[in-house]
Amino acid sequence: MNIVVTGGAGFIGSNFVYYELAHHPEDKIICYDALTYAGNLETLDEAMKNDNFVFIKGDITNRDEVEKLFVEQKPDIVVNFAAESHVDRSIENPDIFLRTNILGTGVLMDACRKHGIKRYHQVSTDEVYGDLPLDRPDLFFTETTNLHTSSPYSASKASADLLVMAYHRTYGLPTSISRCSNNYGPYHFPEKLIPLMIINALHDKKLPVYGTGENVRDWLYVEDHCSAIDLIIRKGKAGDLFNIGGHNEKRNIDVVKIILKALGKPESLIEHVTDRKGHDRRYAIDPTKIREALGWQPATKFEDGIKKTIDWYLTHRSWWEHVISGDYQAYYQKMYGSRETIE
Ligand code: NAD
Ligand code: DAU
């Protein structure tokens, strides 16, 4: 099969490329990526050595480029990871989020309709459900939880999900959607909590925790997300919608302390700073449906995954040193330079 992976030069997409090449050597993997600030060709160095892998630079919002992709590569399956993915950036500049995350999804699905496809898979997020209260640990997001978004990012992802469902119902496009909780692991861009804290700690730089740090995220090792998507595109049915998560809730402040401890750095590096606007309190996925329907289970416990992740950042310094040189410094100054310290 020919599988197009859009956004395959980013964090989860690249991990999925490696997962597919390792587990399905019979398939051809075509990575289609615009190489925005979040896309990095160095991440795909090893994949480039594989004859079953092709990289094509292109934008999912560009109809001509997408048409060329479909004519030349004749995909059987499209897995759409391409997106603007950072909540803080969406608060600063929503426009590109609407364009890439909503319009781009529509452009890809139009090409799927025109050329025919076995499956279009939309990689969505648990953020479409909004947040849960901190004092109700009995509540979880299920596939029937109402959409209730907080940020321009999550609103754009929810809009894309609605468009995917509409294309399935109206045109019969064979779609599927997965909504995963927070991922962590190799190739995670250092604007996100876990890699940012690892890298700042390694530089003995302050660790900027938003607000009290009591917000809860439900962490999943990235390879487990990849194995779930792999099952959905191969064993799931058209029209399916699955939540993905491993019941791994942690408060941000505790995650940061775990990282400091693993690196032998003092907790005095923690600095509580101005909170994120509209900051979601708690995410927590109920993964019962995918477990019962497809037999999916996460393989990596947080204790092991965080250790593997920290080791990866320690042994791949050149990867993240390249990433944080240049534009990243200006981004960091803009986002954190004016945040006030709170006691
Ligand atoms: P990322 O920001 O690391 O990577 C996004 C990739 O998309 C980059 O390679 C970028 O170059 C590419 N891209 C952006 N705009 C594009 C365009 N117009 N055309 C083609 N390529 C474009 O993101 P990520 O964290 O790997 O997330 C991937 C997907 O998974 C996103 O759809 C995100 O919403 C979803 N998701 C992420 C998480 C998480 O914890 N990171 C959890 C659940 C779902
Ligand atoms: O839940 C899935 C989502 O997880 C994905 O859809 C998003 O693409 C992905 O970016 C992620 O969103 P979050 O906003 O949860 O991730 P982020 O790493 O930005 O922040 C995690 C938590 O840490 C959040 O509560 C905000 C907090 N935080 C983050 C940063 C960058 C801090 O306290 N300090 C920071 O500097």
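How far is an oxygen atom of ligand 2 from an N or O atom in the side chain of Tyr153? In this predicted model, the separation is 2.5 Å.

**The surroundings of ligand 2**

Tyr153 belongs to a shell of 25 residues around ligand 2, and the closest of these are Asp126, Tyr153, Arg276, His279 and Tyr336.

| Side chain | Distance to an oxygen atom of ligand 2 |
|---|---|
| Asp126 | 2.5 Å |
| Tyr153 | 2.5 Å |
| Tyr336 | 2.6 Å |

On its own, ligand 2 has 690 Å² of accessible area, of which the protein covers 94%. By residue class, the shell around ligand 2 consists of 11 nonpolar, 8 polar and 6 charged residues. Among the elements that each supply at least two residues of this shell are helix H6 (193-202) and strand E8 (207-210).

**The cysteines**

A disulfide is a covalent bond that joins the sulfur atoms of two cysteines. The structure holds 0 disulfides. For Cys31, which is in no disulfide, the nearest cysteine sulfur is that of Cys226, 13 Å away. Cys226 is likewise in no disulfide, and the nearest cysteine sulfur to Cys226 belongs to Cys180, at 9.2 Å. A pair of cysteine sulfur atoms would have to lie within 2.5 Å to count as a disulfide.

Cys31 counts as buried because its relative accessibility is 0%. Cys226 also counts as buried, because its relative accessibility is 1%; the cut-off for this class is under 20%.

Methods
Residues are numbered from 1 along each chain as its sequence is written. Chains are lettered from A and ligands numbered from 1 in the order in which they are written. This is a predicted model: local features need pLDDT of at least 70, side-chain atom pairs count only at pLDDT 80 or more; totals for chains, interfaces and linings use all residues. Side-chain values use heavy atoms; hydrogens and water are left out. Buried means under 20% relative accessible area, exposed over 50%, partly exposed in between (1.4 Å probe, protein chains only). A residue is near a molecule or strand if one of its heavy atoms lies within 4 Å of it. A polar contact is a pair of N or O atoms within 3.5 Å; within protein, one must be able to donate a hydrogen and the other to accept it, and residues adjacent in sequence count only if both atoms are side-chain atoms. Accessible areas come from the Shrake-Rupley method with a 1.4 Å probe; for residues, only the protein chains shown count as cover. Helices (H or I, at least four residues) and strands (E, at least two) are DSSP runs, numbered from the N terminus. Ala, Val, Leu, Ile, Met, Phe, Trp, Tyr, Cys and Pro count as nonpolar, Asp, Glu, Lys and Arg as charged, and the others, Gly among them, as polar.
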